[in-house]
Amino acid sequence: MSKLQPIHVVGGGLAGSEAAWQIAQAGVPVILHEMRPVRGTDAHKTDGLAELVCSNSFRSDDAETNAVGLLHQEMRALGSLIMAKGDINQVPAGGALAVDRDGFSEAVTATLKAHPLVTIERGEIAGLPPEDWSSVIVATGPLTSPALAEAILGLTGETSLAFFDAIAPIVYRESIDMDIAWFQSRYDKIGPGGTGKDYINCPMTREQYEAFVDALIVGDKTEFKEWENTPYFDGCLPIEVMAERGRETLRHGPMKPVGLTDPRNPDRKPYAIVQLRQDNALGTLFNMVGFQTKLKYGAQTGIFRMIPGLEKAEFARLGGIHRNTYLNSPKLLDPVLRLKAMPRLRFAGQITGCEGYVESAAVGLMAGRFAAAERLGRPLSPLPATTALGALVNHITGGHIETIDEGPRSFQPMNVNFGLFPPVEFAAKDEAGKRLRGPAKSVARKKALTDRARADLAAWKASQEMPAAAE
């Protein structure tokens, strides 16, 4: 066994699991603390590590023109456990990488349990970690226990760490009326493990859509009381909040009808469409895409059965609401994710202000590598901001411009996107020398960004002493 002092990772979600894996693969012992099942949460259903509590999608796997797809590729290049188990447990999802949530969690849990340098301890870390823990990664995510959140709040001097997030319902496949609904991916796009017919589509006429919006607006909703003024992250707004922002909002968001054609009525364009995505490997469960909600359970069943094709829907899980927690990271964290006020503490995952499964795991990957390298006396330099990993960490730790007034802080949870990358020079002409315009120019720019990122990641890896982890 290693004579090195262990690194402690608090939180067994995607970020914590990835961080623990990276540390152990570097040859450093790690103790992974997960409070479940000793203390449960409002969103988790099992005691498995890396349990997915919202969608089962890791989003686009396109590494050429999509920032999250590029992030997938970079994580694979650095030996990501989360990506390896996601690839093994994928289910069809058009151009996205989606996973069987149970199989994925079980695979991550089993792999970490089997690693000789990983110790898993169950129980809550109430308050700040003990002073004799010289290196700690806090990866407690959006469901950080109240005691730990309050301790972090006191240490940072901040006034708030919270916002709200919502989860979408899951429907039993056999209860969906396929005489009304049909299988098709938007624009028939074929993704990893997919066929181009990976989503179930439920069409709506204008009259049906208008009635549905009315029902969402007046439906019985969860009240927040003292937390009512906590802001939402715009990428995961409850469906009824979107409806309240304007009657056409949903038609330009999760219910947009573009790229889809009803095979029974090819000449009649649906006014709106509800999509459901496969949620498990067996294909028995489908989740309602973009239908996060704070509607009360009784209201959900009645309102969602107004959707054509879901009139007799049976729900394996209804939607819900939970409180998220994140730091004002640009102010509080240094470039290698250490807390400036107490450098023995690092932070990873959604608590840093990233959003999304892949982004959380990615920050966990880097936090684990930073901590392991520090323990081994071989500090890692931050990744170039031209890579997806580097751009994300750079945004979290200092790439965000603070508000210039006395209003609330402006730093908000962020998915990886090309807006976080430095500008790139690229040829704005095609092979015939004709100037590119519109979508063609946008694609060329994205390919230039991803080409540069791959080259810069390769150069960064070559300059570091730590090898890429590999299972």
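Me: Where is A50 found?
Reply: A50 sits in the loop between β2 (30-34) and β3 (57-60). Helices (H or I, at least four residues) and strands (E, at least two) are DSSP runs, numbered from the N terminus. This is a predicted model: local features need pLDDT of at least 70, side-chain atom pairs count only at pLDDT 80 or more, and totals for chains, interfaces and linings use all residues. Residues are numbered from 1 along each chain as its sequence is written, and side-chain values use heavy atoms, with hydrogens and water left out.

Me: What is phi of A50?
Reply: Near 55 degrees, a positive value in a residue other than glycine. Most residues other than glycine have a negative phi.

Me: Is A50 buried or exposed?
Reply: A50 counts as buried, because its relative accessibility is 0%. The cut-offs are under 20% relative accessible area for buried, over 50% for exposed, and partly exposed in between (1.4 Å probe, protein chains only).

Me: And Y187, buried or exposed?
Reply: Y187 is exposed, with a relative accessible area of 60%. Its phi is also positive, near 60 degrees. Y187 lies in the loop between β10 and β11.

Me: What is the strand order in the six-stranded sheet?
Reply: β10-β11-β12-β13-β9-β14, in an open sheet with antiparallel pairing. Two strands pair if DSSP finds at least two bridges between them. The edge strands are β10 (182-183) and β14 (315-317), each pairing on one side only.

Me: How many bridges between β10 and β11?
Reply: Two, with β10 antiparallel to β11 (residues 199-204). W182 has N201 in β11 as its bridge partner.

Me: How many between β11 and β12?
Reply: Six, again in the antiparallel sense. Y199 is bridged to R277 in β12.

Me: What about β12 and β13?
Reply: Three bridges join β12 to β13 (residues 285-288), and the two run antiparallel. L276 stands opposite M288 in β13. β12 and β13 form a hairpin with six residues between them, and G283 in the turn has a positive phi of about 75 degrees.

Me: How many residues of β12 are buried?
Reply: Seven of its seven, so the strand is mostly covered by the cut-off of under 20%. Helix α6 (residues 206-218) lies across β11 and β12 (272-278), and runs at about 95 degrees to β11. Axes are lines fitted to C-alpha atoms, for helices over the stretch in contact, and angles run from 0 to 180 degrees between N-to-C directions.

Me: Switching to the largest nonpolar core. Which residues touch the most other members?
Reply: F58 and F421, out of 86 residues. Helix α10 (residues 357-375) gives the most to this core, with 12 residues. A nonpolar core is a set of buried Ala, Val, Leu, Ile, Met, Phe, Trp, Tyr and Cys residues joined through side-chain atoms within 4.5 Å.

Me: How do α10 and α11 cross?
Reply: At roughly 90 degrees, with the axes of α10 and α11 (residues 388-397) coming within 10 Å. They are therefore roughly perpendicular to each other, a label that covers 65 to 115 degrees. E359, A362, V363 and M366 in α10 meet L389, L392, V393 and I396 in α11; contact means heavy atoms within 4.5 Å.

Me: What is the mean pLDDT of the chain?
Reply: It is 87, and 87% of the residues reach 70 or more. pLDDT is the predictor's confidence in each residue, from 0 to 100. It stays under 50 over residues 403-409. Over residues 467-471 it is also below 50. Where pLDDT is low, the predicted coordinates should not be read in detail.

Note on methods:
Angles under 35 degrees count as roughly parallel, over 145 as roughly antiparallel, 65 to 115 as roughly perpendicular and the rest as oblique.
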